[in-house]
Amino acid sequence: VYVRIYSGTLHLRDVIRISEKEKIKITEMCVPTNGEIVPADHACPGEIVILADDTLKLNDILGNEKLLPHKTRIDNPMPLLRTTVEPQKPEQREALLNALAEIADTDPLLHFDIDTVTHEIMLSFLGNVQMEVICAILEEKYHVEAEIKEPTVIYMERPLRKAEYTIHIEVPPNPFWASVGLSIEPLPIGSGVQYESRVSLGYLNQSFQNAVMEGVLYGCEQGLYG
C-alpha cells in the first residue's frame, strides 16, 4: 500500500489510527530511493512510503484528517471499460469470485457483477494497466489464471425526450403472451434509472409486475451502443 505523508513523521512500530475504532501497527515499511525500493525505519513529510498492510484501502486516512491539505481527496472516477472474465479451469470459478471480491474491497476503481441471464462475470475498470495488475494479483496471490475478453467502452446513454411505445399480445415480433407499454422520459443528470408502474395490482398481480420491472432494468444495462 502506497501512503503519502503530509505532516508528522511515520516510524516503524508506530500505532496509527485509521478510524474511530480501528488502529494499525507499522510492522514493515519501505521507500522508493534512486529507482529502488529499500527498507526504512521512518518517513518524513512529502515522502511516499510503502506499507505491508492488507487492511488499508484507497483514500484511507492515517491520523488526523483535519491536518490534510485542502481538497486532497477527490471522488472516485467511474470505470471506462467493461469486459468478461472466466477462469481457465472451470472448477476455479468460485475461487475467482472470492478473489475478485477481496480485490474490489481494496480497489474502489474495480467493479464486478454476474450477469443474471448469461451468468458471465462482468468487470468494469479504468484502463488496461489496472487490468494487468489485477491479472497478476489473481495469478500470484490467489493462484487463479483468468481469461479476459477484449474490453469495450462503457457508454453512458440517456433519452433526449419523452417517448412511448406498446407491444401488443399476439402481434409479431412480440414473443410474449402479454401486452406491455412503456413510457420513458429524461430525468436530471445523476438521477439514475427510476421505474414506476401505473398498473393496479387488481389488473396484474405483483409477481408479473416484478418480472416486467426486472426485464426493463436489465434492458437498461445495455444501451444502443454498448
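**View 1. Strand 12 pairs with strand 9 in this predicted model.** In strand 12, Glu147 is the bridge partner of Glu86, and three bridges join the antiparallel strands 9 and 12 (residues 146-148); two strands count as paired if DSSP finds at least two bridges between them. Strands (E, at least two residues) and helices (H or I, at least four) are DSSP runs numbered from the N terminus. Residues are numbered from 1 along each chain as its sequence is written. In the predicted model, local features need pLDDT of at least 70 and side-chain atom pairs count only at pLDDT 80 or more, whereas totals for chains, interfaces and linings use all residues, and side-chain values use heavy atoms, with hydrogens and water left out.

View 2. Strand 9 runs antiparallel to strand 11, with five bridges, and antiparallel to strand 13 (residues 152-153), with two bridges. Five of the seven residues of strand 9 are buried, that is, under 20% relative accessible area (1.4 Å probe, protein chains only).

**View 3. Leu100 in the largest nonpolar core.** A nonpolar core is a set of buried Ala, Val, Leu, Ile, Met, Phe, Trp, Tyr and Cys residues joined through side-chain atoms within 4.5 Å. Of the 15 residues in this core, Leu96, Leu100, Leu123 and Leu138 touch the most other members. Leaving aside neighbours within four places in sequence, Leu100 is in contact (heavy atoms within 4.5 Å) with Val85, Phe112, Ile121, Leu123 and Leu138.

Methods: Buried < 20%, exposed > 50% of the residue type's maximum accessible area, 1.4 Å probe, protein only.
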